[in-house]
Amino acid sequence: MSYLPIASTRPAPVRVGLVGAGWMGAYHARSLALRIPGAALAAIADPALEPASALAAELGVARVTADLADLFSDPEIDAVVIAGPARFHAQLSVDAARAGKHVFCEKPAALTLEELAAVQDAVAEAGVHWQIGFNRRYAADFLAARRDIAAGAVGTPQLLRSLTRDPGTGSIPHAARVPQWTIFLETLIHDFDALNWYNAGAEPLSVHVTADALVEPSLKDAGFLDTAVVTVRYANGAIAVAEASFSALYGYDVRGEVFGSAGMVQAGRPTETAALRYGAGGLSAETPRLNIELFADAYRDELADFAAHVAALRDGAPAPDHGVPLTPGLDDARRALAVALACIESAQTGAAAAVPGFAPGSPSRTGPAHDAAGSPAASAAPAAAPRAAGARA
Ligand SMILES: NC(=O)c1ccc[n+]([C@@H]2O[C@H](COP(=O)([O-])OP(=O)(O)OC[C@H]3O[C@@H](n4cnc5c(N)ncnc54)[C@H](O)[C@@H]3O)[C@@H](O)[C@H]2O)c1
């Protein structure tokens, strides 16, 4: 017996190197290695070599290194996924782009608009694809709502809402190790992108923040924030509210809503599955506990989209067309970061703050002062924000 010789028409998978193999990076690694036909996980780089090696062994990845430069100089790698700590993102994007690698970067893209401008320059010069991990856009219900908005279901947006409640136990262990302003720069930045994406074409002009340490009141004097409400005013007159908590006992709760002149759309499901329990005590259901449960498919689909964009550039094929603007790039990263930076100013002053670079005549500010180690300067009182141990947004 002899088999037919078949010439493959399947494009070669995009070879991806992972930079940062912690909680989020490990999840992305498993998606790249096991769940995305258009991608292959080719290497893992993380200064913490032991867990990175264990992950590489689990996924059958032969190349693992503690030296990130190994990965950037590897000609066998087309693209990188950056999932290290936020304070390194901008420089890692610059280094990757200069090495000719396409970049998928976890949020935030940078901690200041100045850093982000350097990323924009490097990406433009290298001509690589750059994408940010605003995964919420890829969740089926959020995307369906965005398509409805594009189809006119809402009319002119007037009121928008977005919320993130991270899972928690009612306390925030290791809060002292969580970088300042995380609630705006790493958690609510998802909400700011969702609001900007839903209110398409309207620039965010100003924010007003009310924030506190309601989960860990004893940490308030140290400047921690674990609870926040943000009002955003947009150029089209729409008013948006974003809120976050670092500790929801009932699980991971993410929702969005747009109300307008012609109707309303909502996204975000309260239950883990469609299964409902009816009993003598009433109605109950399981709730999602982790980001990797609620957004399992969204995390996969954002990377599949990334791989498709890279393959299109590499192979000269058409880029993916989603029917509505979907793939988040540098402009989206800048808009969401600018809102987060305005929130920091508003939290510090207690007053409304202009969104830098978007409000007419807004000061060209670049973000809070940071010391050489990348930690926010201690003088940036009064508030700091931790990410809860269970907080994974
Ligand atoms: N999109 C989402 O929903 C989501 C969820 C969680 C985290 N994140 C983002 O992912 C990023 C990582 O968060 P995490 O929770 O996985 O953190 P983590 O602490 O679990 O992992 C960070 C990893 O980066 C490694 N690292 C340290 N210094 C590094 C460097 N200079 N270069 C590369 N890697 C380095 C660490 O050894 C660690 O393995 C953050 O930006 C966070 O905001 C996104």
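Predicted model: local features only at pLDDT ≥ 70, side-chain atom pairs only at ≥ 80, totals over all residues.
Let's start with the overall layout. Contact between them involves 22 residues of domain 1 and 20 residues of domain 2. On the domain 1 side, helix 5 (113-126), strand 6 (130-132) and helix 9 are the elements that each give two or more residues. Helix 5 supplies the largest share, five residues. Sorted by class, this side of domain 1 holds 15 nonpolar, three polar and four charged residues.

UniProt, in an unreviewed entry, places the feature "domain: Gfo/Idh/MocA-like oxidoreductase N-terminal" at residues 14-134. Over residues 14-134 the chain is 43% helix and 22% strand, with 21 Å between the end C-alpha atoms.

## Helix 1

Helix 1 covers residues 23-34, twelve residues in total. From its first C-alpha to its last, helix 1 reaches 17 Å, close to the 16 Å expected at 1.5 Å a residue.

How much of this helix is covered? Helix 1 is mostly covered, with nine of its twelve residues buried. Among the buried ones are Met24, Tyr27, His28 and Leu32. The cover over the buried residues of helix 1 includes strand 1 (14-19), strand 2 (39-45) and strand 4 (79-82). Helix 2 (49-59), helix 8 (291-294) and helix 9 (296-315) are also included in that cover.

## Around the ligand

Helix 1 turns up again here: with three residues, helix 1 gives the most to the shell around the ligand. The ligand is surrounded by 24 residues, and the closest are Gly20, Gly22, Trp23, Met24 and Gly84. By class, the shell around the ligand contains twelve nonpolar, seven polar and five charged residues.

## A look at Val64

Is Val64 buried or exposed? Val64 counts as buried because 20 other C-beta atoms lie within 10 Å, and the cut-off for buried is 20 or more.

Leaving aside residues up to four places away in sequence, Val64 touches Ala43, Ile44, Ala52, Ser53 and Ala56. Val64 and Asp46 are 18 residues apart along the chain, and their C-alpha atoms are separated by 8.1 Å.

Notes
Residues numbered from 1 in each chain as written. Helix = DSSP H or I, 4+ residues; strand = E, 2+ residues; numbered from the N terminus. Expected span 1.5 Å × (residues − 1). Contact = placed C-beta atoms within 7 Å. Nonpolar A, V, L, I, M, F, W, Y, C, P; charged D, E, K, R; others polar. UniProt positions renumbered as here; feature names shortened; annotations may be inferred. Near = placed C-beta within 6 Å.
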